[in-house]
Amino acid sequence: MPRPRLTSAFRLGAAAAAALLLAGLAPAASAAAAPAAPVPRLDWQPCASDFECARAAVPTDYRDPAGRTVELAVIRHPATDRAHRIGSLFFNPGGPGVPGTQALPAVYGMFPEQVRERFDIVSFDPRGIGESTTLGCFPGTEAEQQLLAGLPAGYPVGAAQESAWSATYARFGRQCADTDRTGLLAHLSTADTARDLDLLRAAVGDRRLSYLGTSYGSYLGTTYANLFPDRVRALVLDSAPDPVAWSTGRGPGQRALPPFLRTGGDLAATRTLDAFLDQCGDAGPAACAFAADGGPAATRAKFDELIDRLGRTPVTLGTAPQTVTFDQASAVSTLLPRLYTAAPLPGVPGFGWPALGGLLQQLWTAAPDASAPLPTGGALRQAQTLGALCADTANPPASSHPAAAALARDRAGATGPYWVWQTQRCTGWPAEAARDRYTGPWDRPTSAPILVVGLTGDPAWPYEGSRTLADTLARGRLLTVDGYGHTALGNPSACAWRYEERYLVSGALPPAGTVCEPDRRPF
């Protein structure tokens, strides 16, 4: 019987949510035939400490640039050395669904000093996200939770839960379609966001784009580069998917799989989990609370037993009224973000593999509680994630997902099905949302080379995806970080940042085959 494994979605910096991805619109040639959209005017005003904020009006539908508009919330930190300012560096933190207006202040201090000196660092909430124009599927989060209340937390297990999951998300999609008064539902793809990014580039006065995208943000950068290949100045794509596998799949066999199985996210998480358990076991209980006597093998066996126990009887952590009940599926969705940051981040409690070991040990020592109600309900404001997720990816029919979940369990353990059911939500999403999807080509010659950064032990977008992207891009160069975690930004490497800084400032690429080490190891 295959051994259980763990997986989940990215949380960036001091707080943010993320689970990754995406694709775009029609080929750039058709976009070029459309009338030009007006460049928005940005009226910058002080907002967060040392930051400035503005709002930008952009077309809802780029085929009708003079029609309805949506508003984007934009934020920037001005370059600290105004005399040597190069321009603006746009930053997308990933998701889809992470608001840039929240993420940039949280991670600004992680950018290299010379980047902060030479660039205004700019981010924004993509259309449908955060403080930008959103769908408004529900009058409030309470109404959304009423619809999702009966769902199992994490992912469904068994025919009854799977049926309820599919039916509920079909109702969710109909609710969003029925309440869409702006026409935004059909224009939430990554290509729409890439077009917004190009207008913001023009609005800040830059002739070509300088950009850093992490996780899903790397897919946004890939889409931009192929829609606007002559407007690339310097793009850093940190932890990227294979764009063909993600958007459509390579060949009939891969196209029959859900997107995260096409990109191998479940397998990447399994490899990273193995590494965590082995290193935890080697480190011992003083450094990793979950370590078992007997080292890595005993720690793996302990984890297997924990996952099996949670599949039979839930446990409850905390003291009333602040208690949380975990079964196997909810434990997966709660625990797995901690694989994404391997070494602890200074000033960011709860991140890093030692924290994961501590949480696993809490679950191990908690008494089984058969009388506790199983956790139910979904994450808040899911339409903000589903808009881009479902617009960009080709998904197999709903009826195929139980078999895909069984495949994921066979090849990645008990936690593999998590990734299947995240995009199964898209099978009930309104079909018109895919109108602007971009599916390639992904190798259009760009005006400057593009730097792709990949971690060998990435548990979400596997390293193979970054390597494939660098090979696919017409002018791609891969920078490898030999370490664990999702994104080099979230798992700092001074070596990698030196190469990224040099590239962003001067355009100089690292030598082919360059490999960097992370600054710190997990234990």
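**Asking how we know**

Visitor: Why is threonine 341 called buried?
Guide: This is a predicted model, and in it threonine 341 has a relative accessibility of 2%. Buried means under 20%, so threonine 341 counts as buried. It's found in the loop between α13 (328-335) and α14 (353-365).

Visitor: And which residues is threonine 341 in contact with, leaving aside its neighbours within four places in sequence?
Guide: Those are Phe351, Gly352, Trp353, Gly490 and Asn491.

Visitor: What makes glutamate 71 and arginine 55 a salt bridge?
Guide: The cut-off is a side-chain nitrogen within 4 Å of a carboxyl oxygen. Here the N to O distance is 2.7 Å, so the pair passes. Glutamate 71 sits in strand β3 and arginine 55 in strand β2, 16 residues apart.

Visitor: Are those two buried, exposed or in between?
Guide: Glutamate 71 has 36% relative accessibility and arginine 55 has 37%.

Visitor: Why do arginine 435 and aspartate 61 count as a salt bridge?
Guide: Their side chains meet at 3.5 Å, N to O, and the limit is 4 Å, so this pair is in too. Arginine 435 is in the loop between α17 (417-424) and β10, aspartate 61 in the loop between β2 and β3, and 374 residues separate them. Arginine 435, at 45% relative accessibility, is partly exposed, whereas aspartate 61, at 13%, is buried.

Visitor: How many salt bridges does the rule give?
Guide: The count comes to 17. There's also a network, linking Asp198, Arg201, Asp230 and Arg231.

Visitor: Why are β1 and β12 called edge strands?
Guide: The sheet is open, with ten strands in the order β1-β2-β3-β5-β4-β6-β7-β10-β11-β12 and mixed pairing. β1 (45-46) and β12 (515-516) each have a single partner strand, so one side of each is left without a neighbour in the sheet.

Visitor: What makes β10 mostly covered?
Guide: Seven of the eight residues in strand β10 (residues 450-457) are buried. Parallel to β10 runs strand β7 (residues 232-238), joined by four bridges, with valine 236 opposite leucine 451. β10 also pairs with strand β11 (residues 476-484), in the parallel sense, over seven bridges. One of the partnered residues there is isoleucine 450, which has glycine 476 in β11 as its bridge partner.

Visitor: Which unit do β10, helix α18 and β11 make?
Guide: A right-handed β-α-β unit, with helix α18 spanning residues 463-472.

Technical notes:
Residues numbered from 1 in each chain as written. Predicted model: local features only at pLDDT ≥ 70, side-chain atom pairs only at ≥ 80, totals over all residues. Heavy atoms only, no water. Buried < 20%, exposed > 50% of the residue type's maximum accessible area, 1.4 Å probe, protein only. Helix = DSSP H or I, 4+ residues; strand = E, 2+ residues; numbered from the N terminus. Pairing = 2+ DSSP bridges. Right-handed = clockwise from strand over helix to strand, strands pointing away. Contact = heavy atoms within 4.5 Å.
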